[in-house]
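Visitor: I have a model open and would like to talk it through. Can we begin with what the words mean?

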Amino acid sequence: MDQNTGMFYVPQTMGTVLCCKCGISMPPNAANMCVNCLRSEVNITEGLQKILSIFHCPDCDSYLQPPRTWIKAQLESKELLTFCVKRLKDLSKVRLIHAEFIWTEPHSKRIKVKLSVQKEVYNGAILQDAYVVEYIVKDQLCESCSRVQANPDQWVAAVQLRQHVSHRRTFFYLEQLILKHNAAKHAIRIKQMDEGIDFFFNNRSHGVKFIEFLRKVTPIRSRDDKKLVSHDPKSNHFNYKYTFSVEISPICREDLICLPNKVANSLGNLGPLVVCAKVTNNIALLDPITLRQSYLDADQYWRYSFRPLLSSRQLVEYIVLDVEPVSPEVNIDGLRYLLADVQVARVSDFGRNDIKFDVRTHLGHLLNPGDYALGYDLYGANSNDIEMDNYRGRSLPDVILIKKSYEEKRQKRRGKPRSWKLKSLPMEVDSSAKGKDGDEKVNSEYEQFLQDLEENPDMRFSISLYSNEEYRNAEVASVSDADDVPSVPVEELLADLDLSDEEEDAMVN
């Protein structure tokens, strides 16, 4: 009785019947049989495929979808599960309820999938059952991989990336951008050349897509050409090889530029001496005297196509004698600057003569008396730049400081591993363009690139840095050794998940 309403409710009970086969009590159904007897009488998985062969390309990790389509899929991924289920041709006889992988050894060449299916049996009764399908994996190279295996030079499209400068710092940074965005995933071959990198592709569309990625990250210009390889007159089919020549702007970060009159006027009389603060798909130009900043896109730059006055290989080390701030600190495009009047002297002249320079710099927030700085020596430079001759009558600075120098403090950490590391593309090296001196030059430039990453959080923002296991096992430098030296925070590092075969065997055992 319900105390609130005062009404009686009759409890409902479900009726039961006896199974016509074994006689046990059960809820009634259309077949009047219990589940065990139904399964003994009817096997709904009978006639369904239990063993199937599939073809796998070990080079590109893809599977053959007959007749000629290859699908990329990782082990136990949803793409592979969908592929396996679609290969079963007789699933239309039943209703698929659930599908999941059963773990197998990766080297067993077997993939097992457990399927749950339903089917209508006696008088409309629905029976559900589960069974396992075993897929036998057979190795077979796809068409593109077999072509590469037979002859690595059988490419269809080649992208020749070049930058006509005396260093490779741009390619070090561009390599990390390509790795982060996986832009070269379709490249069948990558070759490092003297002034750039060559990328080879199986398809012209892959080369075009790669060039579109380059346009988004750096100012480039390109032209293309094609060469007829073969022609079938019966089917009127032509085979071409496509070559894309891509040139990167020679303007690099920290370069000193003397702007042509037309460019300076178009940018609101900027400069004429400016520093390249950042290079993306635009070139950021900063006037270190006034802190004015302007941008040039790729089309604007290639219209005038000027070169830098001095590059980072011509930096001179100075010692800071006095610093006097002129204006408060400002933030321009995510970078901090502070105008200051600084008195400096060349380190090479220190103790030999009394030559000092009073300059205005944008590095007032970094420099203190006694610090070292790197800058361009316009006082002693012998410039052959035509644009520089147009400004001879104007008052130009003798020194332009570019960045603070930590070289003396880094001497204490030299030879010790960093807490972070970078990945690299699988590139072939053109041995004809390298020697002992070339290797030392590349190693020196790569070390400078790593130091630039430590000093510039803005550069690190666009790439991926990984935790270095060698640093954990080595003796870590003391806090006093690393005092005031820029480093990469641990929060910015990614875990490098790379399981080797030995590690996998150890985990199994």
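Guide: Buried means under 20% relative accessible area, exposed means over 50%, and partly exposed is in between, with a 1.4 Å probe and protein chains only. By that rule Q293 is buried, with a relative accessible area of 18%.

Visitor: What kind of model is this, and how are the residues numbered?

Guide: It is a predicted model, in which local features need pLDDT of at least 70 and side-chain atom pairs count only at pLDDT 80 or more, while totals for chains, interfaces and linings use all residues. Residues are numbered from 1 along each chain as its sequence is written, and side-chain values use heavy atoms, with hydrogens and water left out.

Visitor: Back to Q293. Where does it sit, and what is it in contact with?

Guide: Q293 is in strand β17. Contact means heavy atoms within 4.5 Å. Leaving aside neighbours within four places in sequence, Q293 is in contact with A277, A284, L285, L286, I332, D333 and Y337. The side chains of Q293 and Y295 are also joined by a polar contact of 2.8 Å.

Visitor: What counts as a polar contact?

Guide: A pair of N or O atoms within 3.5 Å; within protein, one must be able to donate a hydrogen and the other to accept it, and residues adjacent in sequence count only if both atoms are side-chain atoms.

Visitor: Overall, how many helices and strands?

Guide: The protein has 13 helices and 28 strands. Helices (H or I, at least four residues) and strands (E, at least two) are DSSP runs, numbered from the N terminus. Of its 509 residues, 39% count as buried. Among contacts with a separation of 6 or more, 65% are between residues 24 or more positions apart.

Visitor: Show me a sheet. What is the strand order in the six-stranded one?

Guide: The order is β12-β13-β9-β11-β10-β26, in an open sheet with mixed pairing. The strands β12 (220–232) and β26 (428–429) are at the edges with a single partner strand each, so one side of each has no neighbour in the sheet. Two strands pair if DSSP finds at least two bridges between them.

Visitor: How does β9 pair with β11, and how with β13?

Guide: β9 (residues 157–162) and β11 (residues 196–201) are antiparallel, over six bridges. V159 stands opposite F199 in β11, and A157 has F201 as its bridge partner there. With β13, β9 runs parallel, again through six bridges; there A158 is partnered by T243.

Visitor: Is β9 buried or exposed?

Guide: Five of the six residues of β9 are buried, so the strand is largely enclosed by the rest of the structure.

Visitor: Which strands does α5 lie across?

Guide: Helix α5 (residues 204–217) lies across β9, β11, β12 and β13 (237–248), at about 15° to β13. For that angle, axes are lines fitted to C-alpha atoms, for helices over the stretch in contact, and angles run from 0 to 180 degrees between N-to-C directions.

Visitor: Which of its residues are buried?

Guide: In α5 they are G207, F210, I211, F213, L214 and V217. Down the axis of α5 the buried residues fall within an arc of 155°, so they line one face; the arc is that of the directions from the helix axis to the C-beta atoms. They pack against β9, α4 (169–181), β11, β12, β13 and β15 (273–279). The face turned away from the buried side carries the exposed residues K209 and K216.

Visitor: Then what about N182 and L291?

Guide: Neither is a glycine, yet N182 has a positive phi of about 55° and L291 one of about 65°. N182 is in the loop between α4 and β10 (187–192), and L291 is in the loop between β16 (282–286) and β17 (293–297).

Visitor: Buried or exposed, those two?

Guide: N182 is partly exposed, at a relative accessible area of 45%, whereas L291 is buried, at 11%.
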